[in-house]
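I opened my notebook to jot down what I looked up in this one. Have a look along with me.

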Amino acid sequence: EFATLLADIKENGLRDPIITHDGMVLDGRNRYRACMDIGIEPMTRPWDGKGDPLSFVVSKNLHRRHLD
């Protein structure tokens with residue numbers, strides 16, 4: 001899956017910003033890794049501060065993955 005993401009970002013660029021908070025990646029760690037591997041500057045956006053960081057991460061990931 002990472003190879004597919006890497007190829008897509010190489011071809012189309014980074015479409016969704018990486019969400020950060022206090023120097024940490026809250027959302028987009030694989031997109032960040034792909035950008036580093038390709039050698040492009042990742043587009044980042046600070047977390048909006050709604051709720052708490054842990055709830056944000058859980059919310060974003062529960063919708064994308066099949067987690068129990």
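I started with burial: 24% of the 68 residues of the protein count as buried, meaning under 20% relative accessible area, with exposed over 50% and partly exposed in between (1.4 Å probe, protein chains only). I note that this is a predicted model, where local features need pLDDT of at least 70, side-chain atom pairs count only at pLDDT 80 or more, and totals for chains, interfaces and linings use all residues. Residues are numbered from 1 along each chain as its sequence is written, and side-chain values use heavy atoms, leaving out hydrogens and water.

Next I looked up the fold. I found 3 helices and 3 strands, taken as DSSP runs numbered from the N terminus (helices H or I, at least four residues; strands E, at least two). From the N terminus on, the order reads α-β-β-α-β-α.

Then I went to the core. The largest nonpolar core holds 6 residues: Leu-6, Ile-9, Leu-14, Ile-18, Ala-34 and Cys-35. Such a core is a set of buried Ala, Val, Leu, Ile, Met, Phe, Trp, Tyr and Cys residues joined through side-chain atoms within 4.5 Å. At least two residues of this core come from each of helix H1 (2–12) and helix H2 (29–38).

I also checked who Ile-9 meets. Leaving aside residues up to four places away in sequence, Ile-9 touches Leu-14, Arg-31, Ala-34, Ile-38 and Ile-40, a contact being heavy atoms within 4.5 Å. Across the protein, 66% of the contacts with a separation of 6 or more join residues 24 or more positions apart.

Last, I noted the C-alpha box: roughly 35 × 30 × 15 Å along the principal axes.
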